[in-house]
Amino acid sequence: RTCIDDVLVVSDASAKKCMRLLAAGADSDPAIVAGESAVAGLAGMLSAIEDGDIAKKLALDENSRVLIIGTEGATDEHVYQEIVGHSSDEVGE
């Protein structure tokens, strides 16, 4: 507790939204196969910047640089395909 400044709760819906976002790719960014746990940091950051009060508390603004590490792919292919709508192989191609 002495080393933690802030904590965010990430909803399942938010995590699923981020999985689909990464699977779709954007502009020149490639699609990324990421599981539910891998997207938690991204989901938290996106939720925080959508809420002005939270963004301010975390000092997130247009000049912020955020490093998010996701270390999990599609660990359960059935669940991944159910959430994303495509298999991890299809997304990875």
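## Starting from a cysteine

Cys18 counts as buried, at 3% relative accessibility. Here buried means under 20% relative accessible area, exposed means over 50% and partly exposed lies in between, with a 1.4 Å probe and protein chains only. Cys3, by contrast, is exposed, with a relative accessible area of 74%. The disulfide count comes to zero, where a disulfide is a pair of cysteine sulfur atoms within 2.5 Å.

A word on the ground rules before going further. This is a predicted model, in which local features need pLDDT of at least 70 and side-chain atom pairs count only at pLDDT 80 or more, while totals for chains, interfaces and linings use all residues. Residues are numbered from 1 along each chain as its sequence is written, and side-chain values use heavy atoms, with hydrogens and water left out.

## The overall picture

The protein has five helices and zero strands, and its elements run α-α-α-α-α from the N terminus on. Helices (H or I, at least four residues) and strands (E, at least two) are DSSP runs, numbered from the N terminus. Taken along the principal axes, the C-alpha atoms fill a box of roughly 40 × 30 × 20 Å.

Of the 93 residues, 25% count as buried. The protein exposes about 6900 Å², and carbon and sulfur atoms supply 50% of that area; accessible areas come from the Shrake-Rupley method with a 1.4 Å probe, and for residues only the protein chains shown count as cover. Among contacts with a separation of 6 or more, residues 24 or more positions apart account for 60%. Contact means heavy atoms within 4.5 Å.

## Helix α1 and its two partners

Let's look at how α1 packs. The axes of helix α1 (residues 12-24) and helix α2 (residues 40-50) come within 9 Å and cross at roughly 105°. That makes α1 roughly perpendicular to α2. On the α1 side the contact is made by Ser14, Ala15, Lys17, Cys18, Leu21 and Leu22, and on the α2 side by Leu42, Ala43, Leu46, Ser47 and Glu50. These residues divide into seven nonpolar, two polar and two charged. For the classes, Ala, Val, Leu, Ile, Met, Phe, Trp, Tyr, Cys and Pro count as nonpolar, Asp, Glu, Lys and Arg as charged, and the others, Gly among them, as polar. Axes are lines fitted to C-alpha atoms, for helices over the stretch in contact, and angles run from 0 to 180 degrees between N-to-C directions.

Helix α4 (residues 77-84) also packs with α1, at an angle of about 85° and with the axes 9 Å apart. The two helices are therefore roughly perpendicular to each other. Angles of 65 to 115 degrees count as roughly perpendicular, those under 35 as roughly parallel, those over 145 as roughly antiparallel and the rest as oblique. Lys16, Met19, Arg20 and Ala23 of α1 meet Tyr80, Ile83 and Val84 of α4 in this contact. By class, the contact of α1 with α4 has five nonpolar, no polar and two charged residues.

## Buried residues of α2

In α2, Leu42, Ala43, Gly44, Met45 and Ala48 are buried. The buried residues of α2 pack against α1 and α3 (52-57).

Ala48 has a relative accessible area of 1%. Leaving aside neighbours within four places in sequence, Ala48 is in contact with Leu8, Ile54, Ala55, Leu58 and Leu60. The C-alpha atoms of Ala48 and Leu58 are separated by 8.1 Å, and the two residues are ten apart along the chain.

Most residues other than glycine have a negative phi. Asp27, in the loop between α1 and α2, has a positive phi of about 50° although it is not a glycine. Ala59, in the loop between α3 and α4, also has a positive phi, near 60°. Asp27 is exposed, with a relative accessible area of 87%, and Ala59 counts as exposed at 58%.

Ser87 has its place in the loop between α4 and α5 and counts as buried, at 14% relative accessibility. Not counting residues up to four places away in sequence, Ser87 touches Glu77, Tyr80 and Gln81. Glu93 is found in the segment after α5 (88-92) and counts as exposed, at 82% relative accessibility. Glu93 and Glu62 are 31 residues apart in sequence and 32 Å apart in space, C-alpha to C-alpha.
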